[in-house]
Amino acid sequence: AGFHTSFAKIDPSSLKWQDSLNPIKQEMENNLANLIGPSYKAREVAFNFPDFIEMILNAGDSRPSRGATIGQSLPNWGKVAEENRRRTVVMTNFYTDPESKRVARETAGLLLDKTTMINFSDEKEPGIVGVILHEAAHNFGPHSDYKVDGKSPSDLFGGRTSATLEELKAQTAALWYVDYIRQKGLISDKLAKEIYTHEIAWCFGHISKGMFTASGVPNNYSQLAAIQIGSLVNDGAIEFVTTEGTGKDVGRFKINFDKLPRASELLM
């Protein structure tokens with residue numbers, strides 16, 4: 001069992017996303033059902049979009065030694081989850097201090113080329129939108145209580161792989177829905193590129209933590225990040241480029257933004 005206490009206040013500056021996305025959540029479910037095909041029938045979705053909160057205190061299991069959870073949907077299974085009555089939150093004030101911003105930019109600059117870094121934002125909005133789409137996607141499509149021939153994902157894949165696949169679904173959907181909300185006029189072309197850049201940098205951050213814990217348990221986010229980067233590279237949305245430096249080639253990853261929507265859809 002996990003035990004934690006979190007104390008926060010609502011962040012009013014981010015509430016506009018609830019107003020923007022709530023009217024189209026059924027359409028988002030329908031779009032995913034159409035992509036899946038006849039093996040899945042769209043459900044009536046009744047969940048609420050995240051509450052945006054500024055953390056005051058984290059305690060217990062919500063205060064790890066490194067890093068912090070920036071979005072959470074609970075419960076993950078059972079009657080409440082089945083009935084789309086999860087509670088979702090997005091923590092908007094983590095990693096917004098000057099030191100965190102500096103480290104994030106310097107780290108991203110070691111991995112991403114200059115043409116990509118133009119779209120790396122120090123503002124919190126690209127990250128917030130990415131987390132919103134990720135957490136919302138847990139409520140779309142097949143989920144942890146979905147059954148195929150009477151078998152749950154845990155029965156079919158094993159619990160650890162099932163958990164990784166659920167997170168892969170949510171994070172890939174976060175990429176896939178970016179172009180959809182751009183076409184709906186909810187975000188600009190510029191913000192779309194900033195979200196993509198943030199999410200790709202997020203992937204590299206988790207890959208750097210390793211694929212497994214010290215005890216051999218798969219790191220869900222690291223696993224899905226590796227799958228995403230590998231798939232996006234295969235489909236040409238990300239490429240490794242070298243530039244001639246001082247006597248040696250310096251390599252960086254370049255995001256081909258025009259190829260990302262299609263590559264995201266192929267993975268989804």
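Let's start with Asp-149, which sits in the loop between helix 6 (125-137) and helix 7 (153-157). When I say helix or strand, I mean DSSP runs numbered from the N terminus: H or I with at least four residues for helices, E with at least two for strands.

Quick housekeeping before going on. This is a predicted model, where local features need pLDDT of at least 70 and side-chain atom pairs count only at pLDDT 80 or more, while totals for chains, interfaces and linings use all residues. Residues are numbered from 1 along each chain as its sequence is written, and side-chain values use heavy atoms, with hydrogens and water left out.

Asp-149 has a positive phi of about 55°, although it is not a glycine. Most residues other than glycine have a negative phi. Is Asp-149 buried or exposed? Exposed, with a relative accessible area of 79%. The cut-offs there: buried is under 20% relative accessible area, exposed is over 50%, and partly exposed is in between, with a 1.4 Å probe and protein chains only.

Now jump to Tyr-95, in the loop between strand 4 (87-91) and helix 4 (98-111). Phi of Tyr-95 is near 60°, again a positive value in a residue other than glycine. Tyr-95 is partly exposed, at 44% relative accessible area.

On to the helices. Helix 9 (residues 189-207) packs with helix 10 (residues 220-234) at an angle of about 125°, and their axes are 8 Å apart. That makes helix 9 oblique to helix 10. For the record, axes are lines fitted to C-alpha atoms, for helices over the stretch in contact, and angles run from 0 to 180 degrees between N-to-C directions. Under 35 degrees counts as roughly parallel, over 145 as roughly antiparallel, 65 to 115 as roughly perpendicular, and the rest as oblique.

Who's touching whom here? From helix 9 you get residues including Trp-202, Phe-204 and Ile-207, and from helix 10 a set with Tyr-221, Leu-224 and Ile-229 among them; contact means heavy atoms within 4.5 Å. The residues of this contact of helix 9 with helix 10 divide into eleven nonpolar, three polar and no charged. In that scheme Ala, Val, Leu, Ile, Met, Phe, Trp, Tyr, Cys and Pro are nonpolar, Asp, Glu, Lys and Arg are charged, and the others, Gly among them, are polar.

Helix 10 has another partner. Helix 8 (residues 159-183) packs with helix 10 at about 50°, axes 9 Å apart. That makes helix 8 oblique to helix 10.

Last stop, strand 2 (residues 51-60), where Asn-58 has its place. Asn-58 is buried, with a relative accessible area of 11%. Which side chains does the Asn-58 side chain make polar contacts with? One is Ser-6, at 2.9 Å, and another is Ser-62, at 3.4 Å. A polar contact is a pair of N or O atoms within 3.5 Å; within protein, one must be able to donate a hydrogen and the other to accept it, and residues adjacent in sequence count only if both atoms are side-chain atoms.

Glu-54 is found in strand 2 too. Glu-54 and Val-90 are 36 residues apart in sequence and 8.5 Å apart in space, C-alpha to C-alpha.
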